[in-house]
Amino acid sequence: MDPVIAIFSLLISYLLGSISFARLIVKLWTGKNVTEFEVGVDGTEDKYKALTIGGNTVSTVLGAKGGMTVGILDILKVVLPTLAFKLLYPDQPAYMLIAAVGGLVGHVWPVYYRFHGGSGFSAIMGGLLVIDWLAVVVSPIAGLLLGMIVFRNIIVANLAWLWLLIPWFWWRTGGDAAHILYAVAVNVLFILAMIPEYKTAMKYKKEGKMIEYGLGNLKSNPMGRGMLKMAKFFKVEIK
């Protein structure tokens, strides 16, 4: 692997990933600043500013259509550099994997916006579409069923698909170290991206409002409301 090409793939994908379509779309459609949006704590008068800036945040302002538009654009900004390096260097998948990671890092910590970006779901999907599109279909479904039916926990249902990427790539690639390392990196980066939300959750936990915080977060966007409906269907208790 040529280190110059590796650094270039990381840099160019990071710069593209740093484009915040959430900010641009909300500003274009409403003239407002999406970072000023506040999320309510269910059943209370408490509110806090949006902790991550991405498609879910936009959907709370513009609805599902706006959130979907941002989500697609966020996917594409990672697809393009990842696909480019896959086509340019078909015998060196490491460049493609580095590009996918670079796009995710840019989305979460964008250089143009004081390193305040999104949680990374759409950016991860963008990389996966190029690396192994089947993972985009299988992992979320398997994670959802694992969380709702086996663990009966809505948090697990929401996140398990990321954890499953590690055994998935081990199986799909016959234990290729580069792909497994990519899956591990995605999980580590996502955990780091969620630190602000974790700190806020712990704050409300100390105040005895953990469930209210979680429900407020889920009810604030279409995806969260969809998760609540599925939890109700599977009779999963929110706790």
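Mentor: Let us begin with a definition: a residue is called buried if its relative accessible area is under 20%, exposed if the value is over 50%, and partly exposed if it falls in between. Please also keep in mind that this is a predicted model.

Trainee: How is R172 classed on that scale: buried, partly exposed or exposed?

Mentor: R172 has a relative accessibility of 41% and is therefore counted as partly exposed. D132, by contrast, is buried, because its relative accessible area is 7%.

Trainee: What joins D132 and R172?

Mentor: The general idea is that a salt bridge requires a side-chain nitrogen of Lys or Arg within 4 Å of a carboxyl oxygen of Asp or Glu. In this structure, D132 and R172 form such a bridge, with their closest N and O atoms 3.0 Å apart. The bridge links distant parts of the chain, since D132 is in the loop between α5 and α6 (133–151) while R172 is in helix α7 (residues 154–172), 40 residues apart.

Trainee: How many salt bridges does a search of the whole structure find?

Mentor: The search finds four salt bridges. Among them is the pair K203 and E207, whose side chains meet with 3.2 Å from N to O. Another is formed by K209 with E207, where the closest N and O atoms are 3.8 Å apart.

Trainee: Which residues are linked in a network of salt bridges?

Mentor: K203, E207 and K209 are linked in this way. K203 is partly exposed, with a relative accessible area of 41%. E207 counts as partly exposed at 39%, and K209 counts as partly exposed at 22%.

Trainee: Which residues make the contact of α4 with α8?

Mentor: From α4, the contributors are P93, M96, L97, A100, V101, L104, V105 and V108. From α8, they are A178, H179, Y182, A185, V186, L189 and A193. Sorted by class, this contact of α4 with α8 has 14 nonpolar residues, one polar residue and no charged residues.

Trainee: How do α4 and α5 run relative to each other: roughly parallel or roughly antiparallel?

Mentor: The axis of α4 and that of helix α5 (residues 121–131) cross at roughly 165 degrees, coming within 8 Å. The two helices are therefore roughly antiparallel to each other, and their crossing is right-handed. On the α4 side the contact is made by M96, L97, A100, G103, L104 and H107. On the α5 side it is made by A123, I124, G127, V130 and I131. The residues of this contact of α4 with α5 divide into eight nonpolar, three polar and no charged.

Trainee: Which residues of α10 are buried?

Mentor: In helix α10 (residues 210–219), the residues Y213, L215, G216 and L218 are buried. The elements that cover the buried residues of α10 include β1 (38–40), β2 (47–49), α7, α9 (195–206) and α11.

Trainee: Where does V236 lie, and is this residue buried or exposed?

Mentor: V236 lies in the segment after α11 (222–233). V236 is buried, because its relative accessible area is 7%. Setting aside neighbours within four places in sequence, V236 is in contact with M148, R152, N153, I154 and A231. The C-alpha atoms of V236 and I149 are separated by 8.3 Å, although these residues are 87 residues apart along the chain.

Conventions
Residues numbered from 1 in each chain as written. Predicted model: local features only at pLDDT ≥ 70, side-chain atom pairs only at ≥ 80, totals over all residues. Heavy atoms only, no water. Contact = heavy atoms within 4.5 Å. Helix = DSSP H or I, 4+ residues; strand = E, 2+ residues; numbered from the N terminus. Nonpolar A, V, L, I, M, F, W, Y, C, P; charged D, E, K, R; others polar. Axes fitted to C-alpha atoms, helices over the stretch in contact; angles between N-to-C directions. Parallel < 35°, antiparallel > 145°, perpendicular 65-115°, else oblique. Left-handed = near helix turned anticlockwise from the far one by under 90°. Buried < 20%, exposed > 50% of the residue type's maximum accessible area, 1.4 Å probe, protein only.
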